[in-house]
Amino acid sequence: MRLHQFFFCLLLSSCFALSSLALPLCSDSRAPLEVNSTLSFCPYKVKTCCNTMEDSNLNKQFQAMNISDKSCASVVKSILCAKCDPYSSDLFSDNLDQQSVPFLCNSTSSANSTTDFCSETWETCQNVSISGSLFAASLQGRAGAPSNNNTSKLADLWQSKTDFCSAFGGASSNETVCFGGEPVTLNDTTPVKPPSGLCLEKIGNGSYLNMVPHPDGSNRAFFSTQPGIVFLAGIPDQDSGRVLDVDPSSPFVDLTDEIHFDTEFGMMGMAFHPKFAQNGRFFASFNCDKSKWPGCTGRCSCNSDVNCDPSKITPDSGSQPCQYQTVIAEYTTNGTSPDPSKAKNAKPTEVRRIFTMGLPFTSHHAGQILFGPDGYLYFMMGDGGGGADPYNFSQNKKSLLGKIMRLDVDNIPSASEISKMGLWGNYSIPKDNPFREDKDLEPEIWAVGLRNPWRCSFDSSRPSYFMCADVGQDTYEEVDLITKGGNYGWRVYEGPNIFHPESSPGGNTSAKSVNTILPVMGYNHSEVDSSGKSASITGGYFYRSETDPCTAGMYVYADLYGNGVWAGIETPANSGNFVSNRTTFSCADDSPMKCSDSPGSSGPSLGYVFSFGEDNNKDIYLLTSNGVYRVVRPSRCNLTCSKENATAARRNPGPSSSPSSSSSSCYKHMNGFYGSLMVLFVSLSLILLGSLN
């Protein structure tokens with residue numbers, strides 16, 4: 001394990017696997033390149049981590065080795081070329097002492113190959129001279145270290161095959177990948193059947209945009225509304241027949257005084273620091289109106305740096321360019337409770353303004369925030385609206401619109417440093433953000449080419465799988481597998497298809513000039529609406545709960561309008577390739593709260609599916625305009641699942657702490673003024689409707 005991974009695990013107090021299963025990923029954390037033909041030197045085609053220049057440099061390095069034995073030359077060439085393997089991130093990830101050599105499969109490897117390639121390498125090359133040998137790297141402090149680094153033969157460097165393979169053999173820390181002399185292939189091609197359907201129970205009437213499990217691991221979660229009210233709720237056990245334990249009259253925090261609430265505006269995201277149980281820090285992402293609130297003072301995203309003049313933008317919906325702004329603010333429970341885990345409320349006073357930026361138009365600003373497994377804050381930002389991104393902000397590397405940002409909120413520079421670096425608030429830049437390799441990128445940017453990313457999540461079992469749903473323009477809704485520096489195409493592409501904008505005052509980007517990463521899942525508008533208009537994707541989660549074993553490992557997502565729910569299956573496993581299956585959903589007969597009927601359908605009426613949530617048991621929730629739904633055992637809806645053990649007891653991940661004294665039965669029949677207000681509002685205007693414009 002790398003030292004930085006070890007210390008990161010200590011900081012989190014629980015060392016989960018940072019990539020428990022392999023994903024096609026290069027050693028610099030970028031996605032592999034798509035190529036039309038095999039590289040000239042290395043035998044990689046379709047997907048590779050080397051461009052033509054890198055391939056040529058490897059050839060030059062190989063020629064300089066001057067290996068006379070053909071068999072040994074072939075072995076060394078394959079090892080050199082492992083840098084181009086689509087799984088090079090795993091092949092080299094833990095090999096600290098000799099970065100030029102991947103993990104070589106040996107007799108003890110339980111990974112992707114049964115070949116003892118380490119022994120083959122030794123036996124083929126042990127007495128062959130190799131100039132500038134890959135295997136002469138310093139191995140100070142390790143058993144079997146070579147005593148003479150000036151020689152070029154393996155037998156002179158290493159005392160025995162055992163010593164050699166002790167240093168170079170094995171598999172990556174997740175035990176899934178080693179190098180067997182050929183491009184890595186993962187053999188798990190067992191077909192997985194889509195679920196027979198999803199069984200839901202309704203456990204709340206409230207309408208929420210965000211759900212975040214309590215960081216202390218208890219059976220509690222925070223729910224936030226679009227107007228800006230955050231509630232702390234107790235989560236009932238599966239099969240308990242109970243509902244969310246929440247007191248509508250006693251919110252955790254009320255931020256409505258700062259927030260501008262309208263169809264596409266409001267509190268769009270919230271995140272709790274990974275160490276919240278110790279430091280009490282939490283964050284809100286919301287919109288403000290500078291004409292009504294003096295704290296709404298960000299720079300305009302339409303500026304000379306991105307070749308945009310605010311004076312030339314036509315006012316949108318009666319507002320001026322950058323009148324509305326996007327904000328990330330930090331808050332704390334300090335002052336309300338000495339123990340953040342026991343805090344039942346927080347003061348609505350900003351501790352620190354993390355980010356403020358003016359928006360050119362009134363739509364497509366996304367706004368979700370979440371902490372990644374690396375401890376950094378990820379911020380999802382839409383293209384700014386205006387209809388088909390007329391100023392091409394998503395492809396403009398100097399604009400933060402249409403991007404995913406990655407910020408360090410633990411190391412805050414001084415005010416003078418922030419001004420000097422031209423930052424948008426109180427944060428610093430992670431040193432491994434992709435601007436280090438691409439000098440044209442703004443340093444905050446992690447990925448580009450998004451239209452309106454609506455709900456992203458890291459897979460709790462495989463954190464390298466970072467999934468984002470991106471709302472389409474006219475024809476296609478997509479799910480993207482986000483990687484460092486990835487370009488997801490908008491507005492060169494809409495989904496897998498070339499997009500042709502009607503207006504381009506900001507110019508166009510040629511498809512040939514970008515290395516677009518196409519969606520891994522998605523659906524056409526016509527699949528959910530015969531007119532092809534009413535469609536807007538809502539991203540979800542990989543299902544990791546034990547409750548429904550027939551959905552385990554699948555990525556669940558939905559359409560905003562409640563027209564469909566999908567389960568994406570990775571086929572073959574660990575390939576990054578998915579098959580998406582539309583699935584039915586129904587309401588359990590014994591649901592604690594009665595589900596709304598859907599006319600002409602056997603399933604419940606969900607209304608608008610605003611978002612998904614995940615609790616500390618990894619159970620999945622649908623946050624809808626008609627209430628909060630949870631995925632439950634298939635048998636409760638008479639669905640067939642041969643893997644289900646209907647009598648299995650559910651286990652709580654941590655201590656239970658009821659956030660309020662109000663009874664569950666009380667909440668079942670009331671939601672306070674807010675619930676009624678939201679239902680009325682949704683009935684009058686489609687929440688997030690602008691995402692289709």
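Two strands pair if DSSP finds at least two bridges between them; the legends below concern a predicted model.

**View 1. Strand β15 and its partner β16.** Strand β15, residues 403-407, is joined to β16 by three bridges, and the two strands run antiparallel.

**View 2. The open sheet β13-β14-β15-β16.** Four strands make up this open sheet, in the order β13-β14-β15-β16, with antiparallel pairing.

**View 3. Helix α7 and its packing.** Helix α7 spans residues 161-168. Its buried residues are D163, F164, C165, A167 and F168. These buried residues pack against two helices, α5 (117-125) and α6 (154-157). Just after α7, G170 adopts a positive phi of about 120°.

**View 4. The largest nonpolar core.** This core comprises 47 residues, among which I67, F135 and F164 touch the most other members. At least two residues of the core come from each of α2 (52-65), α3 (70-81), α4 (88-92), α5, α6 and α7. Helix α3 contributes the most, with seven residues. A second, separate core has 37 residues, including C322, W424, F435 and L441.

**View 5. The surroundings of F135.** F135 is one of the residues that touch the most other members of the largest nonpolar core. When its neighbours within four places in sequence are left aside, F135 is in contact with I79, V101, T121, L154, L157, W158, F164 and F168. Two of these contact residues, F164 and F168, are also among the buried residues of helix α7.

**View 6. K594 in the loop between β27 and β28.** The loop that holds K594 lies between strands β27 (585-587) and β28 (609-614). The relative accessibility of K594 is 68%, and K594 therefore counts as exposed, the cut-off for this class being over 50%. K594 and K202 are 392 residues apart along the chain, yet their C-alpha atoms are separated by 6.8 Å.

Note on methods. Residues are numbered from 1 along each chain as its sequence is written. This is a predicted model: local features need pLDDT of at least 70, side-chain atom pairs count only at pLDDT 80 or more; totals for chains, interfaces and linings use all residues. Side-chain values use heavy atoms; hydrogens and water are left out. Buried means under 20% relative accessible area, exposed over 50%, partly exposed in between (1.4 Å probe, protein chains only). Contact means heavy atoms within 4.5 Å. A nonpolar core is a set of buried Ala, Val, Leu, Ile, Met, Phe, Trp, Tyr and Cys residues joined through side-chain atoms within 4.5 Å.
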